[in-house]
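Visitor: Could you walk me through some of the labels used for this one? I'd like to hear what stands behind each of them.

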Amino acid sequence: MSNEQITLTAADAEVDVLPGNGGRIGGLRVAGVELLRQGQRYGCFPMVPWCGRIREGRFRDGAAVRQMPLNAPPHAIHGTARNAAWRTARKSTDEAVLTYDLAEPWPYPGRVTQQVALTEGALTLTMSVETYGSSFPAQIGWHPWFNRTLGGEDVTIGFTPAWQEERGEDHLPTGRRTDPKPGPWDDCFGMPGGVDVTLTWPGQLELRVTSREEWVVVYDEQREAVCVEPQTGPPDGLNTHPRLVTPLEPLEASTTWSWTRL
């Protein structure tokens, strides 16, 4: 694994990009305060070519049934790219572009490109999946681990989803939608107008996670961190809401985190 670290800067913000560790964002500091949980598997990693869990690691593509490794038994979770080394295509003071070529155990050749762009007061992550050959189903998402506290009061999560995916005993959506329930959550929500979630660290910082996508998983069952994960479909979406990558049409998504100091 390459230990390359790219640090982007804009105004009072710094972002660490780690191509060799799954193309993840290793840190985001605003005025010297770290917003992301630190550690090899934390920060913010790209979920691709699927998001969340695939039921029993199996998904159907036409007549073929594909089997992914059960890395969260009895399911497969969060794609393959977060465990891979990405390549740096280009970098500057405030932008980095990384690529990852899909490989085994994923059965289809293709390329993932991720752009990390920092401006004054905002970070935008953009990802695309393109195929070299046959079409295939895929998903794109991001899994940030935001620190629950920045040294003061705990963060609060503000959002108004249209629905919550009912979660079964196996942690996967049952296919039924319910009215949003109070947390704690490890749940997927629908926001048809686009993802819009505000994290507020009282007296310190407000951060908005936005995306044109309409699915977001919120996970706040851990003491150290909270996760707000915009994605192109719900967990097990390769089976229930497949988005097709074709030679003419890549799958693309983006998310922006914008912040204001309080």
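Visitor: Why is His-78 called buried?

Guide: Buried means under 20% relative accessible area, exposed over 50%, and partly exposed in between, with a 1.4 Å probe and protein chains only. His-78 comes in at 11%, so buried is the word for it. Keep in mind that this is a predicted model, where local features need pLDDT of at least 70, side-chain atom pairs count only at pLDDT 80 or more, and totals for chains, interfaces and linings use all residues. Residues are numbered from 1 along each chain as its sequence is written, and side-chain values use heavy atoms, with hydrogens and water left out.

Visitor: And what makes Glu-56 partly exposed?

Guide: Its relative accessible area is 38%, so Glu-56 gets the in-between label.

Visitor: What is the phi of each of these two?

Guide: Positive, though neither is a glycine: about 55° for Glu-56 and about 65° for His-78. Most residues other than glycine have a negative phi. Glu-56 sits in the loop between β6 (53-54) and β7 (58-61), while His-78 is in the loop between β9 (76-77) and β10 (87-91). Strands here are DSSP runs of E, at least two residues, numbered from the N terminus.

Visitor: How do you know that the bond from Glu-104 to Pro-105 is cis?

Guide: Its omega is near 5°. Gly-183 and Pro-184 are also joined by a cis peptide bond, with omega about 5°. Most peptide bonds are trans.

Terms used: Helices (H or I, at least four residues) and strands (E, at least two) are DSSP runs, numbered from the N terminus.
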